[in-house]
Amino acid sequence: MAEKVLGGKSVEVTDEGYLTNMADWSEEVASDLAKEYEIVLTEKHLEVLNFLREKQAAGETLTIRKVGKSGIVDIKGLYQLFPGGPLKISSKLAGIPKPTSCV
Amino acid sequence: MKRILILGGGTAGTMMANKLRKALDRDDWDITIVDQHKTHYYQPGFLFIPFGIYNRDDVVKPKSDFFPAGVNVVYSEIDKIEAEENKVLLVDGKVLHYDYLIIATGTKTFPEETPGLKDKLWYREIFDFYTIEGSVALQKYFKSWEGGKLVMAITELPYKCPVAPIEFVFLADAFFTERGIRDKVDITYVTPMPGAFTKPIASKMLSELLKEKNINVVPDFYIERIDNEEKKVVSYDEQEIPFNVLTIVPVNMGDEMIERSGLGDDMNFVPTDKETLRSQAYENIFVLGDASNIPTSKAGSVAHFAAEILFENLMNIIEGRSMMAKFDGHANCYIETGHGKGALIDFNYDTEPLLGTFPLPGIGPFGLLKNTKINHYGKVLFRWIYWHILLKGKELPVEPLMTMAGKKKMN
């Protein structure tokens, strides 16, 4: 665990830079996190992030397919928003835990 | 006369039928179980078929061997559940009414969901090992295969038995080593996740094994389609992986009947309270095993542990108490690593697989996250336990809720 200054305040993050507490999130935090990936957040990005936060809070398992069926963006579009590893990166920017499998 | 209806006579449904029939008076309670298939498959055994360790006969028995006397068995496809009316329609037009419904219709593979998967290479050079047909076809193919690029790819999460694809590549490494052609076989493991192991401690303990065995891992690869002409797997961001033989975990979804009944989420899994195992939509509907959307592994061990909790909660309701039993997501899996060795993991909703030992009176202790021979024997022994104890709903010397006994807490 480490502390990091994001969105103008100090927040706790994991060794890989994921927020440890969802409640520390704000759009400013997201936009600071996005800089690491050279992503400039648009309305579309934020819609995806809010969708992920909502589903995470409801205890649902998140998948790329689920985002693709959300009506916000299709899977190709999701890759364009978060190139490289869309679910991994969007989860980090949404302030929710890194997606994991059972082991 | 009150009625309990169980949909699905697989691992979960069969266990519940056995537990409930033993506990409830036959004069007061009518129990019916419905399944369209008459054969029960020992699904953990499918993994061993491609390598000739098991054959078809080792993994099949008639379902009727495991249903208890005093339970009505209906072999029929289900049209849909009409939850508002407390009834289930079968495809032949027959109607079954219930006071309590248990949905245990599992998860299925849907290769049709991935373009190019169920195409001209299907069961020629592309195989799954999640069906008896796929694993038998792959066994036949491997018998004369002389080597090349073997790709093991996962299309989507969640899928049944999350460690099976890892076990598959470990067993393939051992199989081709024993055949003397390992140097001609290039093994690649392709996953949409950030790695083959994603939980920190398991990753630390087990990732070395993949390197040791010379297995390539391609993480963050989300499959869009399969190119049958050029024999390659193509991702949404236009990466490509060529293969000579592709083994695949197709998209897993709940039964189409769940969709027809309007009871599923976007993957046809039934939204279920993860602690009580009751449907979120209806008070008299419960969900057991892979059919639910609870955030734990889709695996027989989970269905087994959950069955004990669901049984307690049903008895609580039937006897007028509140649902006091709470499921913790307990899962317990052996990971075959090849050459007669295996590792064991034990975890739940909140606790990731840890190091330590797993106490099992009479046989264990088994080393957790350690690659040992005793863990392999545990897995081999499990098939006997499955047929003779587990399906019949008898007690195993394992607690349904995870215990921290023997585990090392790590920070």
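Predicted model: local features only at pLDDT ≥ 70, side-chain atom pairs only at ≥ 80, totals over all residues.
Two strands pair if DSSP finds at least two bridges between them.

Take the five-stranded sheet of chain B. It is an open sheet, its order is E11-E18-E12-E13-E14, and the pairing is parallel. The edge strands are E11 and E14 of chain B, each of which pairs on one side only.

E11(B) and E18(B) are joined by two bridges, in the parallel sense. Which residue of E18(B) does B:Ile126 stand opposite? The residue opposite B:Ile126 is B:Leu246.

Next, the other end of the sheet. Strand E12, residues 148-154 of chain B, pairs with E13(B) over six bridges, again parallel. One residue pair you can look up is B:Ala153, whose bridge partner in E13(B) is B:Val190. On to the next neighbour: E13(B) and strand E14, residues 215-218 of chain B, run parallel and share four bridges. Here B:Thr188 has B:Asn216 in E14(B) as its bridge partner.

From E13(B) the chain crosses through helix H4, residues 200-212 of chain B, to E14(B), in a right-handed β-α-β crossover. E12(B), helix H3 (residues 164-178 of chain B) and E13(B) also make a right-handed β-α-β unit. Helix H3(B) lies across E12, E13, E14 and E18 of chain B, and it runs at about 175 degrees to E13(B).

Why is strand E13 of chain B described as largely enclosed by the rest of the structure? The strand covers residues 185-190, and five of its six residues are buried, so the description follows from that count. For the word buried, the cut-off is 20 or more other C-beta atoms within 10 Å of the residue's own.

Helix H2 of chain B, residues 132-144, also has buried residues: B:Gly134, B:Ser135, B:Ala137, B:Leu138 and B:Gln139. These buried residues of H2(B) pack against strand E11 (126-127) and strand E18 (245-249) of chain B.

In E17(B), B:Glu240 is the bridge partner of B:Val234.

Now a pair of helices. Two packed helices are described by the angle between their axes and the distance between the axes. For helix H1 (residues 11-23) and helix H6 (residues 300-318) of chain B, the angle is about 35 degrees and the axes are 9 Å apart. The crossing of H1(B) past H6(B) is right-handed. On the H1(B) side the contact includes B:Met15, B:Met16 and B:Leu20, and on the H6(B) side it includes B:Ala307, B:Leu310 and B:Phe311. By class, the residues of this contact are ten nonpolar, three polar and one charged.

Two single residues come next. B:Pro68 sits in the loop between strand E4 (60-62) and strand E5 (72-75) of chain B. Is B:Pro68 buried or partly exposed? With 17 other C-beta atoms within 10 Å, B:Pro68 is partly exposed. Not counting residues up to four places away in sequence, B:Pro68 touches B:Ala17, B:Asn18 and B:Arg21.

In chain A, A:Met22 is in the loop between strand E2 (9-13) and helix H1 (27-35). A:Met22 is partly exposed too, with 13 other C-beta atoms within 10 Å. Leaving aside neighbours within four places in sequence, A:Met22 is in contact with A:Arg53, A:Gly95 and A:Ile96.

Last, the contact of the chains. It takes 24 residues from chain B and 20 residues from chain A. On the chain B side, 16 are nonpolar, two polar and six charged.

How values were computed:
Residues numbered from 1 in each chain as written. Chains lettered and ligands numbered in written order. Buried ≥ 20, exposed ≤ 12 C-beta atoms within 10 Å, placed from the backbone. Right-handed = clockwise from strand over helix to strand, strands pointing away. Axes fitted to C-alpha atoms, helices over the stretch in contact; angles between N-to-C directions. Left-handed = near helix turned anticlockwise from the far one by under 90°. Contact = placed C-beta atoms within 7 Å. Nonpolar A, V, L, I, M, F, W, Y, C, P; charged D, E, K, R; others polar.
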